Amino acid sequence: MGFLPDWADTFITNVSREFDANNNIKFSRPVKRGTVLRVEKDELITPCYYHFGIYAGEGKVIHFSRGEVRKDELDVFLEDTGMFNSDIDIMYFDPEYSSKYTLEKSYRRAKSKLGERDYQLLKNNCEHFAVWCRTGKAVSAQAFGSKSNHYGALNLPGIISFFNNELGMDVSRSVSIDDFD
């Protein structure tokens, strides 16, 4: 494709083509195991923050929830997202930070932490965990860019994450629960 960066060529090449009811080309990509997922939570106690996890395949997510790293069905991961926040964000990282860990390696790193506890809101939360699995760096933009020695969170999601984005993390696309295998 020439005019696009190298990562974009790979990204577009991996897109599968399908056709909708009107025979128009519709692009879809399966969500791959090891992908960092993000949903916006809207709980009564802690409103408006992002929750992160690693897609484990077969409709399951490994995430730091209820005080431990656990593997749950997608619908559990989506609890408390509110009726207007049902999209699941697929997160992109600058290749400088993510090229060391393939999606499969990210999945294996997440799986290796199942059952681990030691949740700390500002030092070891769901974002620290998911970002560590994908990049090797335990950082939470929501927790004011705090770094952790390990891998919920306070949030004014758009503002805090925008100003504390150390790893080139951004949303590559948003999907619904129907887009998972």
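Reader: What should I know before I start?

Author: The model is predicted, so local features need pLDDT of at least 70 and side-chain atom pairs pLDDT 80 or more, while totals for chains, interfaces and linings use all residues. Residues are numbered from 1 along each chain as its sequence is written, and side-chain values use heavy atoms, leaving out hydrogens and water.

Reader: How many residues of strand 3 are buried?

Author: Strands are DSSP runs of E, at least two residues, numbered from the N terminus. Buried means under 20% relative accessible area, exposed over 50%, and partly exposed in between (1.4 Å probe, protein chains only). In strand 3 (residues 36-41), 5 of the 6 residues are buried.

Reader: And strand 4, why is it largely enclosed?

Author: Because 9 of its 9 residues are buried.

Reader: Which strands does strand 3 pair with?

Author: Two strands pair if DSSP finds at least two bridges between them. Strand 3 runs antiparallel to strand 4 (residues 49-57), with 6 bridges, and to strand 7 (residues 88-92), with 2 bridges. Take Leu37: Gly53 stands opposite in strand 4, and Ile90 is its partner in strand 7. Val39 has His51 as its bridge partner in strand 4.

Reader: What joins strand 4 to strand 5?

Author: 4 bridges, again antiparallel, link strand 4 to strand 5 (residues 60-65). Ile54 faces Ile62 there.

Reader: Where does Lys137 lie?

Author: Lys137 is in the loop between helix 5 (126-135) and strand 8 (139-140). Lys137 is partly exposed, at 40% relative accessible area.
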